[in-house]
Amino acid sequence: MGALTFVILQRSALLLVAVFALTRIRVFRHLLDPADGIRLRWLDALVFAVFAAAGSELGLDVSLSGQVSHVWHWRPAADALRIGPDVVAIVIAGLLGGPAVGLLAGVLTGGWLLVMGGADPWAGVLTQILAGGLAGLTAHFFADERVLAPHKAVFVGLFAPVLYTGMLLVFTPPGQVEQGIAVVNQIGPPLVIADSLAVGVFSAIVHVARAEEEQATAREMQRALTLVERALSHLRWQLDEPSAQKLAELLMRELRTAAVTVCDRQRLLAHVGKGADHHRPGDPVPEPALRMLLQSGELRTVADRVSLGCSRPDCPLRGAVVVPLHQSGEIAGGVILYVSRARGIRSADIELARGLGKLISRELDVAAAEMLRRTIQDMRLRNLQAQVHPHFLFNTLNLISGLVRIDPDRARRLIVRLGQFLRASLRASEQRLVPLAEELEMAFAYTDIVKARFDDRIVFDWRIDENLPSVLIPPGTLQPLVENSVKHGLSVRPEGGRIQVQIRHAGTGVQVEVRDDGPGFPPDVLYSAGCTDGEIPGGVGLSIVRQRLVALLGAESTLRLANGPHGGAVVWFHLPARAKEGVG
Amino acid sequence: MAADDLLFLLTVLAGTLMISYWSARSRHDTDRFYAASRGLTGVQNGLAISGDFISAASFLGVSSTVARWGFDGFLYGASFFASYLLLWTVAESVHRLGRYTLADALDSHFRRSWLRFATAVNTLIISVAYLIPQLVAAGELAQSLLGWPRTWAVWWIGLLMTLYVAVGGMVSTSWVQIVKSVLLLSTAALMALIVGARTGWNPAHLWRAAVAPDGGALLAPGRLYDTAWASLSVNVPLVLGTMGMPHILVRFLTVRGPTEVRRSLTTATSALGLFYLLVLVLGFAAAAFGASGASAGSDGSLAVIVLARRLGGPFLAAFVSAVAFATVLAVVTGLLITATGALAHDLLHRTFAWPPGDHRDPLTLARVCAVLLGLVATMAALLVHGPSITALVSLVFVWAAATNVPVLLCTFYWRRFTAAGALAGMASGAGVTAGWLLLHACAKAGGVSPGLWAIGAGAAGCLAGSLLWPGRSHAQPEREPQADAAKPYPTPPVGDG
C-alpha cells in the first residue's frame with residue numbers, strides 16, 4: 001500500500017506542478033474566476049477536462065489481477081484500470097464553478113475515458129460525472145466561501161476515490177467479483193490519500209492564484225484612486241484650457257492611450273498624444289464625437305475610424321472612448337480617450353474612464369456651486385455697499401440746492417461730478433473688477449464733491465507713481481476708504497485736515513494706501529487689524545471693503561489697518577499685478 | 001485495527017473537529033449557541049434533522065433487524081419513518097412558540113414558570129436517558145469495529161461529543177449532523193448500488209436470495225413479536241415517541257420562518273424516505289449475503305458492516321464503519337446540546353435566575369453545563385451493560401411518548417387545554433412508565449412493553465387536568481412579544497377653554 005501511495009502521489013505532483021506553472025499565466029488565472037457567461041463555463045469545463053485527461057494519462061495501469069505497471073502507455077490495456085489523479089481536476093472544477101461546470105467537465109472527461117478504454121471504463125465515466133456534480137453541490141452548500149478552503153477541500157476530495165471504488169465494485173463483471181474486491185482494496189487506500197491531498201494542494205494553488213489576482217486588482221484600484229485624486233486637483237475651479245491641458249497630460253501618462261482630448265461643448269481645450277498636429281486646442285470638436293457627447297450623455301466607445309470623424313485620412317487614431325462631463329445637470333464637455341488600434345481599450349480602463357468622468361462631473365458641479373456661492377456673497381456685499389450712498393446723496397443734493405443760488409458755476413460743476421460718481425458706482429454694482437484708473441476716477445469725483453461740501457477745509461494729497469502696471473480692483477473699494485477718513489478722521493476736527501492717498505509700486509503689483517491726520521483708530525479696531533478677514537468694529541464700510549478684497553483678490557489683498565507714527569489712521573491694501581481675471 | 005479503519009476514522013474525526021473549530025471561530029452568543037442564530041436554510045436544516053433522527057439504532061439496528069426478522073423488522077423500520085411523518089403536526093407550532101428549547105415553547109404558551117420547570121426536567125431526563133444507551137452502543141460499535149477497549153471507546157466518544165457542543169454549540173452540532181446525513185445517505189446509496197450490481201439489477205433475485213436461507217419464512221410476520229399487541233406496544237411508542245423527543249423538536253428552532261420549517265420537513269422527508277428504503281435493501285442484502293446472524297457481532301447488530309466487507313472487502317467496511325461512527329457522534333451531539341439547553345437555559349437561567357448578578361454571561365454557563373452533562377452521561381454510560389440498552393432505548397421512547405406527545409398535541413390543537421392539564425399529563429405519563437419500570441424490576445419478569453398504557457395515561461392526565469382545573473389557568477391567547485410596544489400613541493389632552 002505504501003509504495004503504491006507514493007507512486008500515485010508522485011504522479012499527482014506532476015499534474016500539480018503543471019497546474020501551478022499554468023497559473024503563472026495571467027489569462028489562465030482569469031479562467032479560475034467563477035465565470036458567469038455561458039462561453040466561459042464551457043471554457044472552464046474544457047480546461048478542467050483537459051487537466052483530468054492529463055491526470056488520467058499520468059496514472060498507473062493496474063490490472064485486475066493486481067499487477068501494477070509503471071511503464072507509460074498511451075492507452076491502458078484491456079484488462080487494466082487507469083489509476084491517476086484525473087478525478088482531482090473534476091472535483092476542483094465542481095468546487096470552483098458549481099454543479100454545471102463540474103458536471104460538464106465530468107462528462108467531457110468521461111468521454112475521454114471511454115475513448116481510451118481499459119477495464120470497466122464506465123466506472124470511471126460515472127465517477128467523473130458524479131464527482132463533478134456532487135463537488136459542485138458541495139460548493140453550493142458552502143456558499144459563503146468563494147473558494148473552498150484547502151483543508152475543507154481535502155475533506156471533500158476524500159470521497160471521490162471512495163466513489164470510484166464503489167463504482168468499480170458496481171461495474172465489476174459478475175465473474176470477477178473476487179478479483180474486483182481485491183483490486184479495490186489494493187488501490188482504495190492509496191487513492192484516498194493521494195487524491196485528497198492532491199485536491200487540497202490544487203485548491204491551495206487556486207487560492208494563491210486568486211489572491212494574486214485580487215492583489216493585482218487592488219493595485220489597479222490604487223492606481224485609479226491616485227489618478228482620480230490628481231485629476232481632481234487640476235480641476236479645482238472649472239474646465240478651461242490650462243486645467244484641461246493638465247488633465248489631458250495626466251490621463252495620457254496614466255492610461256497610456258494613444259491620445260487624450262479634453263473639450264468643452266464646442267472646441268478642443270487640450271489634445272495630448274498622437275495626432276496633435278491636426279487636433280489642436282481651439283479646433284471644433286469632430287462632429288460625430290460631439291453628437292455622441294451631447295445626445296446620449298453616456299459613455300460611448302467608438303471602434304472605427306469613420307465614426308471618429310477626423311477629417312484627415314492619415315490620422316493615426318483608430319478608436320476612442322468618449323466620456324461626457326456634466327456640470328449642473330448639463331453636458332459641459334468631455335474627455336476623449338483615443339487608441340491607435342481598434343481593440344486597444346481594456347475594459348478596466350473603460351470603467352476607470354467612466355468613474356473618472358462621473359467624479360470630474362461632480363467636481364465641476366461643486367465648482368459651479370462654489371461660483372454661485374461667491375456670486376451670492378458678492379451681491380450681498382454690493383447691496384450693503386449701496387446702503388452707504390443715500391446719506392451722501394442727500395447731503396450732496398442739499399449742498400447743490402444751496403449753491404445753486406450762491407454759486408451756480410460751482411453747483412453745475414458739482415452736478416457733473418455727482419453724475420460721474422453715480423455712474424461709477426452704478427458700474428461698481430455691475431462689474432466685479434475694474435481697472436484701477438476707473439476706480440481713481442470715481443474717487444476723484446467723490447473728493448471734488450467732498451471738497452465743495454466742506455468748503456476746502458480738507459486737503460487731498462494724491463501721490464500716484466508713474467508707469468503703474470495695469471491692475472484690477474473691485475469697484476467701489478477706494479472711495480469708501482477715503483469717505484471713511486473724511487468721516488472718522490475729520491468730523492472731530494472742525495478746522496479740517498489732510499488726507500493722503502498713495503498709489504505706488506509694490507513688487508510686481510500696486511499698493512494703495514489712505515492715511516489721514518485724525519485721531520486714529522481706537523484700540524479695539526486695531527486689535528482686529530492683524531486679521532485678514534472678519535468684521536472691523538465700528539466700520540461697516542471698512543468691513544465690506546475688506547470682504548470684497550479678500551473674496552475677489554485673495555487673502556493677501558486684505559485691507560490692513562494701523563495708526564500712523566504721528567497719529568492718524570492708515571489703511572492700505574495690495575493689488576496683485578495680474579489679477580486672477582475672470583476667476584472670481 | 002487495519003490501516004483502512006484508522007484512515008477513515010481519523011478523517012471523520014478531523015472533519016467534524018474542523019467543523020467545530022470553524023463554527024467556534026465566529027462570535028458566539030446564546031442565540032447562536034442554542035439556535036444557530038436561526039440561520040440555517042430549510043435544506044440544511046432538513047439534512048440536519050435526518051442526521052439527528054437516524055441514530056445508530058436506525059442504520060445498524062434496522063438493517064440488522066430486517067436481516068434477521070424479516071417482516072417484523074421491516075415494520076420496525078417503517079415505524080421510524082412513520083414517527084417522523086407525525087412531526088409535521090407539531091413542527092410549525094414548536095417553531096412559532098419556541099426560542100431555544102421545548103420548555104420555551106410551552107412557557108410562551110401558558111406563561112407558567114412551574115410548567116417550564118417540569119418540561120425542562122422532563123427534557124433533561126429524556127435526553128440524558130437516551131444519551132446513555134447511544135453512548136453505550138457507540139462504545140460497543142467502536143469496540144467491535146476497531147478493537148478498542150469498551151471503556152476507552154466510550155470515553156473518547158463522550159469527550160468528542162462534549163467538545164463539539166461546548167465549543168461550537170448548535171452551529172457545529174448542525175453541521176456535524178448535516179455532514180453525517182450526507183455521508184450516510186451516499187454510503188447507503190453506494191452500497192445499494194453494489195448490491196444491485198451483485199444481484200443483476202433484479203430485486204426478485206435479491207428477494208429470493210434473502211429468503212432462501214430460511215426457506216421463505218423471512219417475509220412472514222410474527223417472527224419477532226408473538227402477538228399483535230406486542231407488536232403495537234413496541235411500534236406505537238416508537239411512532240409517537242419521536243414526536244416527543246426534545247432533541248428532534250429543537251431542530252425546528254434553527255431556521256427562520258414557517259416556509260423554511262416546511263422546506264426542512266420536505267427535505268428531511270425525502271432524505272429519510274430514501275434512507276429507509278435503502279436500509280430495507282441493505283437489510284435484505286445482509287440476509288442474502290449471509291451477513292446476518294452469528295457473523296454479525298454478538299447481537300447481530302453489525303450486519304451492515306459485515307455486508308460491506310462481503311461486498312467490497314475491508315476498504316469498504318472501513319468506510320462504512322467510519323460513517324456509522326459519524327452517525328453515532330451526530331446523534332449524541334444533538335442529544336447533549338438539548339440536555340444542555342434544558343439544564344442551563346430553562347432550569348438555571350430562566351427558572352432559578354442563575355448565575356446571580358450580571359457579571360457571568362449565560363453563554364459560559366451553557367458551556368460549563370455542556371461539559372458537566374457530557375461527563376456525567378459518559379460516566380453513566382460506563383456503568384450500563386450491553387444487553388440492557390435495547391430495553392433502555394424503548395423505555396425512553398415510551399417515556400417521551402407518554403409525557404410529551406399528549407401535552408404537545410393538546411397544547412397546539414385543543415383550545416381548552418390548561419397548564420394544569422399539561423402538568424397532569426406529564427405526571428401521569430411519567431408515573432405509569434416509572435411504575436411499570438419498578439414493577440418490572442421487582443418482579444424480574446419479562447413482559448409486554450408498557451407503551452400503550454403509558455401513552456393512554458398521559459392523554460388521560462391531560463384531559464382530566466384540564467377539565468378539573470379549567471379556571472385557574474385557562475389557555476391564554478398567544479401574546480406577541482411586540483404587543484406591548486405597539487400600543488397606540490397617547491392622544492394629546494383636549495383643552496376645554
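Mentor: A crossing is left-handed if the near helix is turned anticlockwise from the far one by less than a right angle, and right-handed if clockwise. Keep in mind that this is a predicted model, where local features need pLDDT of at least 70, side-chain atom pairs count only at pLDDT 80 or more, and totals for chains, interfaces and linings use all residues. Residues are numbered from 1 along each chain as its sequence is written, while chains are lettered from A and ligands numbered from 1 in the order in which they are written.

Trainee: Okay, which crossing do helix 8 of chain B and helix 15 of chain B make?

Mentor: A right-handed one: that is how helix 8 of chain B passes helix 15 of chain B. Helices here are DSSP runs (H or I, at least four residues; strands are E, at least two), numbered from the N terminus.

Trainee: And why are helix 8 of chain B and helix 15 of chain B called oblique to each other?

Mentor: Helix 8 (residues 113–146) and helix 15 (residues 362–383) of chain B pack at about 60 degrees, axes 8 Å apart. Axes are lines fitted to C-alpha atoms, for helices over the stretch in contact, with angles from 0 to 180 degrees between N-to-C directions. Under 35 degrees is roughly parallel, over 145 roughly antiparallel, 65 to 115 roughly perpendicular, and the rest oblique. The pair is therefore oblique.

Trainee: Which residues in helix 8 of chain B meet helix 15 of chain B?

Mentor: V128(B), L131(B), I132(B), L135(B), V136(B) and G139(B) do, and on the helix 15 side the partners include L373(B) and A377(B). Contact means C-beta atoms, placed from the backbone, within 7 Å. Nonpolar covers Ala, Val, Leu, Ile, Met, Phe, Trp, Tyr, Cys and Pro; charged is Asp, Glu, Lys and Arg; the others, Gly among them, are polar.

Trainee: How many residues of chain B are in contact with chain A?

Mentor: 16 of chain B, against 16 of chain A. The chain B side splits into 11 nonpolar, 4 polar and 1 charged.

Trainee: Now W201(B): what makes it buried or exposed?

Mentor: Buried needs 20 or more other C-beta atoms within 10 Å, exposed 12 or fewer, and partly exposed is in between. W201(B) has 12, so it counts as exposed. It also has a positive phi of about 55 degrees although it is not a glycine.

Trainee: How do you know that N467(A) is exposed?

Mentor: N467(A) has 5 other C-beta atoms within 10 Å, so exposed again. N467(A) sits in the loop between strand 10 (458–464) and strand 11 (472–473) of chain A.

Note on methods. Two residues are in contact if their C-beta atoms, placed from the backbone, lie within 7 Å.
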